[in-house]
Amino acid sequence: LPILDLLPKSYTALHGIVSKKVSYDYPAICLACGAIIDAGGRGLCTAHALKCAADAGIFFLVQDCVVLLIHGVRASYIAPPYVDLYGERHKHNRGRPLYKDDKRAEVLRKLWSEHGIPKEVVLKRSISNRVIINSHY
C-alpha cells in the first residue's frame, strides 16, 4: 500500500488536505489507489472496491479515523494508522493530536499484500457486536 507512505504524519494535516479537496461529509481514502470516495452510505466505496481492487477494498474513513475493509458486499472496521503520543487509538480524539504509526501502517500493508482482507472481514464480523449493513459503504 504505497498510499500509506503518502499520507501525512499528522492526522490533522490529512483532515485539512481532504477537506480542501472534497466537500463530502464522510470522505474515505482508498488506500489501494488514493482516490477520495464519498462514504456517505450510498455504496460508493463498495462499488469502488469492486473496480479498483477486485472486490477487496481498504479505505481510511477520514471523519471517523478508522480503516474500513470491504470484501464483496460485506465490510468491517479495523484500527487506523493514526494514534496519539502514547500509541493509543481514540474513537473520538477529543482534540488530542494523532500521528501516523509505522507499526500500524505495516499491519495494513501486510493485510493487503497477503490478501488477508476477506479473512479479516469474516473474522471481525463474527466477533463484533457492531455489524455494518451490506453494501452500505
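User: How are the residues numbered, and which pLDDT values do local features and side-chain atom pairs need?
Analyst: Residues are numbered from 1 along each chain as its sequence is written, and side-chain values use heavy atoms, with hydrogens and water left out. As this is a predicted model, totals for chains, interfaces and linings use all residues, whereas side-chain atom pairs count only at pLDDT 80 or more and local features need pLDDT of at least 70.

User: What radius of gyration does the protein have?
Analyst: The radius is taken over C-alpha atoms, and the globule rule is 2.2 Å times the number of residues to the power 0.38. For 137 residues a compact globule would have a value near 14 Å, and the protein agrees with this, having 14 Å.

User: Which residue forms a salt bridge with Arg 109?
Analyst: A salt bridge here is a side-chain nitrogen of Lys or Arg within 4 Å of a carboxyl oxygen of Asp or Glu, and the whole structure holds four of them. In the pair formed by Arg 109, the closest N and O atoms are 2.3 Å apart. This pair links distant parts of the chain, 104 residues apart, with Arg 109 in helix α4 (residues 102-113) and its partner in helix α1 (residues 2-6). The partner is Asp 5.

User: Is Asp 38 buried or exposed?
Analyst: Buried means under 20% relative accessible area, exposed over 50%, and partly exposed in between (1.4 Å probe, protein chains only). Asp 38 forms a salt bridge with Arg 42, the closest N and O atoms being 2.9 Å apart, and Arg 42 counts as exposed at 60% relative accessibility. Because its own relative accessible area is 16%, Asp 38 is buried.

User: Which residues is Glu 120 in contact with, leaving aside its neighbours within four places in sequence?
Analyst: Glu 120 is placed in helix α5 (residues 117-127), and it is buried because its relative accessible area is 19%. Lys 124, four residues away in that helix, about one turn, forms a salt bridge with Glu 120 in which the closest N and O atoms are 3.7 Å apart. With contact meaning heavy atoms within 4.5 Å, and those neighbours left aside, the residues are Leu 69, Ser 76, Ile 78 and Leu 111.

How values were computed:
Helices (H or I, at least four residues) and strands (E, at least two) are DSSP runs, numbered from the N terminus.
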